[in-house]
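Dear colleague,

I am passing on a structure for you to look at, and below it you will find what came out of it. Please have the chain open while you read.

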Amino acid sequence: MSGRGQRIPVLVLTGFLGSGKTTLLSGMLGDPEMGKAAVLVNELGEIALDHDLLRHVGERTVVLPNGCLCCTLRDDLSESLRELLDLSERGEIEPLERVVVETTGLAEPAPILNTMLADPIVSAHFRPEAVVTTVDAQSGSHSLHRHPESVKQAGAADRLVVTKADLAGEEAVAGLRSELRRINPGAPVLRAVLGDVTLADLLPPSGASAGAPEEVERWLAAMDVHAAAEAHPHGDEAHVHHGDVVARAMLFERPLDWTAFGVWLTMLLADRGEDVLRVKGLLDVGGPGPVVVNGVQHVVHPPQHLAAWPGDDHRSRVVFVTRGIDHDAVEASLAAFQRAAESL
């Protein structure tokens with residue numbers, strides 16, 4: 001299991017309080033593909049309850065109590081992943097094929113992803129697979145407008161799942177789906193009743209990671225379609241709004257200086273990382289293929305340098321989903337970095 005090509009995928013299941021995460025996970029555990037999966041359940045309070053509602057998976061269920069998987073629980077998450085790996089390698093549990101981390105309703109996905117990328121042992125054996133966010137059809141719209149955590153969870157998702165659709169009217173479900181598409185145009189919006197969504201529905205195609213080139217291409221294509229239908233055009237770009245949440249695609253005709261872009265993105269995330277809900281892109285940096293960029297809030301996955309472009313369009317394209325950020329100022333700052341790099 002030491003090779004990066006064989007790393008164990010980790011699916012992060014998040015969603016606001018009462019949005020149906022445990023019900024969805026319970027349904028997932030009935031899928032044969034989940035037979036060799038481990039589950040990490042993070043719960044608030046002194047008494048853990050949600051893990052008792054899941055189908056029995058024995059030693060492969062771990063409870064992370066009393067927190068929201070923020071900084072204070074990163075060590076617990078890292079330790080739990082290491083312990084699961086050790087049990088698997090010693091043969092005390094079946095070989096692990098996947099790990100699911102169910103967060104509390106107040107958690108944000110970024111610290112979980114950061115733990116997997118920052119811990120050298122964990123990152124050598126585990127890889128982020130996808131962020132799946134549940135949204136309650138009955139109260140999801142209210143949560144999105146009242147609770148910043150809910151918006152961050154939706155904005156960071158690779159897959160959005162509308163739950164309790166049978167309890168809400170079709171008009172309410174359609175309105176919520178439209179609202180979620182405005183927040184996160186690149187994430188498919190699924191519908192679930194009592195957790196009746198298969199694992200395959202929740203994962204990137206062919207087992208690819210959420211940052212794989214084909215997933216980034218799908219995000220960019222979804223953004224283009226959404227922008228054409230709902231956005232206010234602005235040159236070659238488009239942006240869509242949900243309150244102060246903005247999804248915007250940036251298109252660059254000329255190659256980007258990779259070093260300048262890296263410094264610029266690092267500075268942006270250092271200053272406003274909490275408000276950069278998602279960033280995905282394909283960058284032309286002058287090589288035969290693009291660099292794949294994928295990040296959630298202040299956490300950026302290791303960039304992938306591809307040997308060739310996946311399509312005929314070789315221009316750099318980046319999608320940002322942000323909150324309360326002036327995108328014109330952001331674009332101007334990037335242009336300034338690029339001009340400075342070209343003048344050297």
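A polar contact here is a pair of N or O atoms within 3.5 Å, where, within protein, one must be able to donate a hydrogen and the other to accept it, and where residues adjacent in sequence count only if both atoms are side-chain atoms. This is a predicted model, in which local features need pLDDT of at least 70 and side-chain atom pairs count only at pLDDT 80 or more, while totals for chains, interfaces and linings use all residues. Residues are numbered from 1 along each chain as its sequence is written, and side-chain values use heavy atoms, with hydrogens and water left out.

The side chain of Asp136 makes such a contact with the side chain of Lys164, at 3.2 Å, and a polar atom of the Asp136 side chain also lies 2.8 Å from the backbone nitrogen of Gln138. Asp136 belongs to strand β5, residues 126–136 (strands are DSSP runs of E, at least two residues, and helices runs of H or I, at least four, numbered from the N terminus). Asp136 counts as buried because its relative accessibility is 8%, whereas Lys164, at 27%, counts as partly exposed (buried is under 20% relative accessible area, exposed over 50%, partly exposed in between, with a 1.4 Å probe and protein chains only).

Lys164 sits in the loop between β6 (159–163) and α7, and has a positive phi of about 55° although it is not a glycine. In helix α7, the buried residues are Val173, Leu176, Glu179, Leu180 and Ile183, while Glu170 and Glu171, on the other side, are exposed.

Best wishes
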